[in-house]
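Visitor: I would like to go through this structure by question and answer.
Guide: Look at the model first, then ask.

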Amino acid sequence: MATPERPLSPFTDIYRWQITMTLSILHRITGVVLAIGAFGVAWWLLAVSASDQRYAQFVDLARSLPGQIVLGGFSYCLIYHLLNGLRHLLWDSGRGFEIKQFYATGWTVVVLSFVLTGGIWLLALTHGASA
């Protein structure tokens with residue numbers, strides 16, 4: 001007895017990939033990264049409260065190349081999630097539902113998240129070099 005082929009999910013053959021889909025998925029991913037990153041913040045707080053030696057170990061790890069990559073990714077996730085959350089609040093107010101506004105606010109979030117992350121890291125690195 002042959003089993004009939006089951007249909008695939010509609011998104012695989014009906015929907016065309018769009019920036020709005022990408023931003024929605026990215027919003028969820030950044031939320032998960034922030035939840036995991038909260039453990040890193042807790043680790044930092046525990047290191048601060050434990051001793052100078054524990055804090056120095058944490059700082060050494062954070063200043064290493066892998067630590068900088070993790071911190072850079074975490075800060076990008078934080079900024080992106082914040083900006084896209086503000087975009088969702090705009091929608092909650094009943095505004096921004098036209099297609100042109102969807103795309104405009106979406107690209108604004110993408111560009112601003114990179115610009116703000118880069119600006120914050122530039123300030124942090126220049127301030128850290130002078131300290």
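Visitor: Which helices each supply at least two residues of the lining of the largest pocket?
Guide: This is a predicted model, where local features need pLDDT of at least 70, side-chain atom pairs count only at pLDDT 80 or more, and totals for chains, interfaces and linings use all residues. Residues are numbered from 1 along each chain as its sequence is written, and side-chain values use heavy atoms, leaving out hydrogens and water. Helices are DSSP runs of H or I with at least four residues, numbered from the N terminus. Those that each supply at least two lining residues are H1, H2 (52-63), H3 and H4 (99-130).

Visitor: Which helix gives the largest share of that lining?
Guide: The lining of the largest pocket has 27 residues, and the closest to the pocket centre include Phe58 and Gly67. Nine residues of the lining make up the largest share, and they come from H3.

Visitor: How many residues of the lining are nonpolar?
Guide: Ala, Val, Leu, Ile, Met, Phe, Trp, Tyr, Cys and Pro count as nonpolar, Asp, Glu, Lys and Arg as charged, and the others, Gly among them, as polar. Six lining residues are polar and one is charged, while the nonpolar residues number 20.

Visitor: What is the orientation of H1 to H3?
Guide: H1 (residues 19-50) packs on H3 (residues 65-92) at an angle of about 130°. Angles under 35 degrees count as roughly parallel, over 145 as roughly antiparallel, 65 to 115 as roughly perpendicular and the rest as oblique. Therefore H1 is, relative to H3, oblique.

Conventions
Axes are lines fitted to C-alpha atoms, for helices over the stretch in contact, and angles run from 0 to 180 degrees between N-to-C directions. On a 1 Å grid over the protein atoms alone, a cavity is a set of points where a 1.4 Å probe fits but cannot get out, and a pocket is an open set with protein on both sides within 12 Å along at least five of seven lines; lining residues have an atom within 4 Å of a point.
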